Amino acid sequence: MENEDDMENEDDMENEDDMENEDDMDNKDDMENEDDMDNKDDMENEDDMENEDDMDSKDDMDKDMDDDDDDDDMEEQQEHCAAGSYVNEANECEECPENTWSEEGASSCNQCPDDKVSHAGSASEDHCYDEMFMPDSDAEYKIQKADGAASDWYLTSDSERRNKNSGYVHVHPSSGDAREELWGIEKTQFKKQDCYKIKSLHGAQEGRLLVVHGTSTDDGDGRVLVHKTPFNRDDDECWMFEAVMQDGELFHRLVKATGRHQGKYMVAINEHDSDEEWMWADVTDREDAMDHTLWRIIVSN
């Protein structure tokens, strides 16, 4: 009996050991499974972090590319902004205001030098000019027509005689070398008003001033003369120069400042009756003649 009990006890112990071993194995498996899961979670977390880093890097790259595109757009916009305009804060081309200028692709406009003005949209510093004509009292000038049928013809005092004190003036095609085509221009005043006197420097009319008296055409235009000075109507001797910048070139309009025909512009539109290369110098305010008022004032070499 005792032997039977011993055997039973031994069996029980063996069974108990087996159970413990099984539990150990189960626990070990559980731990290993937990470790696997932890490792898997770690790997997944690492993958997530790597994916997030990759996405951040991609976002940074996209942002850099967008910035580069913006820079390219700005450069492209600047390249396409024509001279006389600039790139504003909205990245659009805007015309430069009066009294400024810019070159092609500019990001801002440059101010004209002191005492100079310019039209809006000026494309060069050369387009800045003196609004008030400032003649050199010692210089000799040529006065050349710049528009109309007489374009490029020169004003000359070698014209028909009117009387002993005065003669006519006209424009004609010329190389610009004739001495009768040379004029002196002097700034002066009449009754505290600035004006200019224009004087023939050579030839039969030397020393006589450009004037307009009462002589008129059928259309009411005043005929321009040169007259002996001093004259009893010195208000007839006063002229003004209006500066006009057009297509990058500076022109002037000559306008009667005071006296008879005041406010009328000098033109060359009326032909001589017997000479097709002769057009009278007249002053007019007729609307249909306002496209013929530009002159070049050229310093003679």
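**Disulfides and burial in a predicted model**

Analyst: The link of cysteine 96 and cysteine 109 is left-handed, with -90° about the S-S bond. This is a predicted model, in which local features need pLDDT of at least 70 and side-chain atom pairs count only at pLDDT 80 or more, while totals for chains, interfaces and linings use all residues. Residues are numbered from 1 along each chain as its sequence is written, and side-chain values use heavy atoms, with hydrogens and water left out.

User: What makes cysteine 96 and cysteine 109 a disulfide?

Analyst: A disulfide is a pair of cysteine sulfur atoms within 2.5 Å. The sulfur atoms of cysteine 96 and cysteine 109 are 2.0 Å apart, so the pair is a disulfide. By this rule the count comes to 4 disulfides.

User: Why is the disulfide of cysteine 81 and cysteine 93 called left-handed?

Analyst: The torsion about its S-S bond is about -100°, so the disulfide of cysteine 81 and cysteine 93 is left-handed.

User: How do you know whether cysteine 81 and cysteine 93 are buried or partly exposed?

Analyst: Buried means under 20% relative accessible area, exposed over 50%, and partly exposed in between (1.4 Å probe, protein chains only). Cysteine 81 has 0%, so cysteine 81 is buried. Cysteine 93 has 37% relative accessibility and therefore counts as partly exposed.

User: Why does cysteine 195 count as buried?

Analyst: Its relative accessibility is 1%, so cysteine 195 counts as buried. Its partner in a disulfide is cysteine 238, with the sulfur atoms 2.4 Å apart. Cysteine 238 is also buried, with a relative accessible area of 1%.
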